[in-house]
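User: Please go through this structure with me in questions and answers. I would like each answer to end on the value or name I ask for.

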Amino acid sequence: MVSMKDLVAFCKRKGLIFPSSDIYGGLNGFFDYGPLGTELKRNVKNLWWKNMVQDREDIVGLDSAVILHPNVWKASGHVDGFSDPMVDCKVTKARYRADQVFYAPIAVAGKLLGCICVTDGEERDADVAKKVKALLKAHNCSQEKPDEIHLKPLTEAKPEEFALIPSPATDKPGDLTPPREFNLMFQTQVGAVASEAGVAYLRPETAQGIFINFKNVVDSTRVKLPFGIAQIGKAFRNEITPRNFTFRSREFEQMEIEYFLPANETLWPNLHQKWIEERYQWHLSIGLRKEWLSFDVHEKKDLAHYAKACTDIMFRYPFGVQELEGIAVRGNFDLTQHQSFSGKPLEYFDETLKTKYLPYVVEPSVGVDRTVLALLVSAYDEDEVNGEKRVVLRLKPKLAPIKAAVFPLVKNKPELVEKARELFSRLQKRWYTAYDETGAVGRRYRRMDEIGTPWCVTVDFDSLDDDTYTLRDRDTMQQTRLSEAELTAFFEKQLQ
Ligand code: ATP
């Protein structure tokens with residue numbers, strides 16, 4: 001698997017993803033997608049939209065505002081409860097999410113020496129070993145074996161334990177502040193006069209825009225339960241420790257579905273399972289590696305008070321196995337809250353049962369950026385061609401930023417260039433195509449392999465006589481001779 005260091009450098013070099021505000025030194029937690037990254041991300045969103053909305057009869061789309069009435073976030077519980085526990089190192093001013101900092105008491109033969117404290121991440125185990133060694137040395141017990149070590153998140157530390165826990169930055173006990181709640185919503189002001197009444201929030205999820213439009217959609221379309229409303233859009237969270245490239249950023253995109261169903265206890269378990277399977281298959285269909293996908297079924301005790309069940313689809317990123325998509329059953333908590341806070345009836349009239357109720361909902365919610373990152377990790381490959389390293393992005397053709405590249409064999413033969421440019425402009429009308437005439441053909445192939453272009457088409461001297469071209473496949477590197485009609489029929493079939 002590619003390392004994050006290599007992937008981040010590759011993304012910048014190839015114009016996939018840049019740190020945002022790069023020339024100003026970047027802004028932590030924000031990213032800009034470059035020319036190729038924009039295409040890739042757009043292809044992911046378009047495919048999700050096609051598969052989840054347009055290919056189905058039971059889901060409709062929505063595009064709600066980023067800034068909603070502030071009461072939306074009071075009703076949803078975000079104003080009071082959308083927070084993470086935060087601790088600061090008083091000395092270095094480093095800020096941590098308390099659930100991502102781990103501590104462990106270290107004892108030798110039952111005698112407590114002190115505590116160690118480390119942050120979560122790729123280096124965690126190595127860090128633990130280093131800190132235990134240092135603690136043993138400080139107590140002149142380098143030869144001893146410590147008792148079994150149980151790492152626990154800082155959020156589980158008892159107040160009396162806190163004085164013993166060192167800061168992960170200084171290794172000195174007492175340097176950390178106790179955890180306090182930090183609300184992750186970005187605040188802004190609506191209107192010209194700054195006042196308490198004008199406080200608004202950038203949405204931390206797209207889902208609430210769906211719930212508040214539930215009645216509008218039911219009244220303006222012919223949807224009948226069960227049905228879904230889907231939305232793709234930006235979400236903003238002032239994450240305490242944005243990290244792992246685009247995986248945890250402060251501005252990101254979500255693709256969310258609220259799938260509404262009759263409010264009873266018999267229907268949702270089956271529908272939940274169907275959605276888990278459907279979304280898993282979708283991730284496979286876009287090319288995520290099967291061996292790196294898994295599930296995390298949340299235990300009852302870990303669920304939010306209103307949730308009936310939740311299963312996350314996990315992906316094995318280079319920094320560990322992490323959530324890619326959450327599929328939760330939220331009962332009718334959100335509609336109940338919005339009905340109560342807005343004072344507007346939001347019930348659905350069930351014509352079969354001749355009764356009104358607030359439907360339950362299954363919510364498959366996936367991050368666009370986490371999907372793009374998982375795709376890059378899955379697709380990045382290195383092999384060897386004629387004794388030279390070749391970087392190849394094995395993206396599915398449907399998702400590849402550029403579908404095909406047209407090359408004249410050499411650039412100093414006007415008749416070849418002219419024929420190649422004509423072919424290019426005809427193909428370009430149908431698919432995003434590149435034209436390249438610089439350097440040896442082998443080099444041009446490599447450039448296209450690196451950015452995942454599935455096919456290269458070379459116009460050579462035979463083409464001038466018989467109107468056929470060489471089609472070269474990115475993965476097999478095999479070359480076939482095809483006419484233009486055969487070429488376009490092939491692309492059509494592969495990209496449908
Ligand atoms: P995590 O536990 O990783 O913070 P979450 O459970 O808070 O995620 P949800 O609120 O369920 O995430 O959001 C749904 C999806 O939105 C996630 O599965 C993820 O793909 C994406 N997402 C959430 N937070 C971020 C972020 N800070 N950066 C990028 N994507 C995110």
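This is a predicted model: local features need pLDDT of at least 70, side-chain atom pairs count only at pLDDT 80 or more; totals for chains, interfaces and linings use all residues.

Analyst: Residues are numbered from 1 along each chain as its sequence is written, and side-chain values use heavy atoms, with hydrogens and water left out.

User: Which strand gives the largest share of the shell around the ligand?

Analyst: The ligand is surrounded by 16 residues, each with a heavy atom within 4 Å of it. Strands S13 (251–261), S16 (320–329) and S19 (360–367) each supply at least two of the shell residues; strands (E, at least two residues) and helices (H or I, at least four) are DSSP runs numbered from the N terminus. The largest share, four residues, belongs to S16.

User: How many residues of the shell around the ligand are charged?

Analyst: Ala, Val, Leu, Ile, Met, Phe, Trp, Tyr, Cys and Pro count as nonpolar, Asp, Glu, Lys and Arg as charged, and the others, Gly among them, as polar. On that division the shell has four nonpolar and six polar residues, and the number of charged ones is six.

User: How far from an oxygen atom of the ligand is the polar backbone atom of Gly-367?

Analyst: A polar contact is a pair of N or O atoms within 3.5 Å. An N or O atom in the side chain of Gln-254 is 3.2 Å from a ligand oxygen, and a polar side-chain atom of Arg-370 lies 3.1 Å from a ligand oxygen. For the backbone atom of Gly-367 the distance is 2.9 Å.

User: How are H1 and H11 oriented to each other?

Analyst: The axes of H1 (residues 4–13) and H11 (residues 368–379) come within 11 Å; axes are lines fitted to C-alpha atoms over the stretch in contact, with angles running from 0 to 180 degrees between N-to-C directions. The crossing angle is roughly 105°, and 65 to 115 degrees counts as roughly perpendicular. H1 and H11 are therefore roughly perpendicular.

User: Which residues of H11 make the contact with H1?

Analyst: Contact means heavy atoms within 4.5 Å. From H1, Met-4, Leu-7 and Cys-11 take part. The residues of this contact divide into six nonpolar, no polar and no charged. On the H11 side they are Leu-373, Leu-376 and Val-377.

User: What is omega of the cis peptide bond that joins Leu-225 and Pro-226?

Analyst: Pro-226 is found in the loop between helix H8 (214–220) and strand S12 (227–236). The cis bond joins Pro-226 to Leu-225, with omega at about -5°.

Key:
A polar contact is a pair of N or O atoms within 3.5 Å; within protein, one must be able to donate a hydrogen and the other to accept it, and residues adjacent in sequence count only if both atoms are side-chain atoms. Angles under 35 degrees count as roughly parallel, over 145 as roughly antiparallel, 65 to 115 as roughly perpendicular and the rest as oblique.
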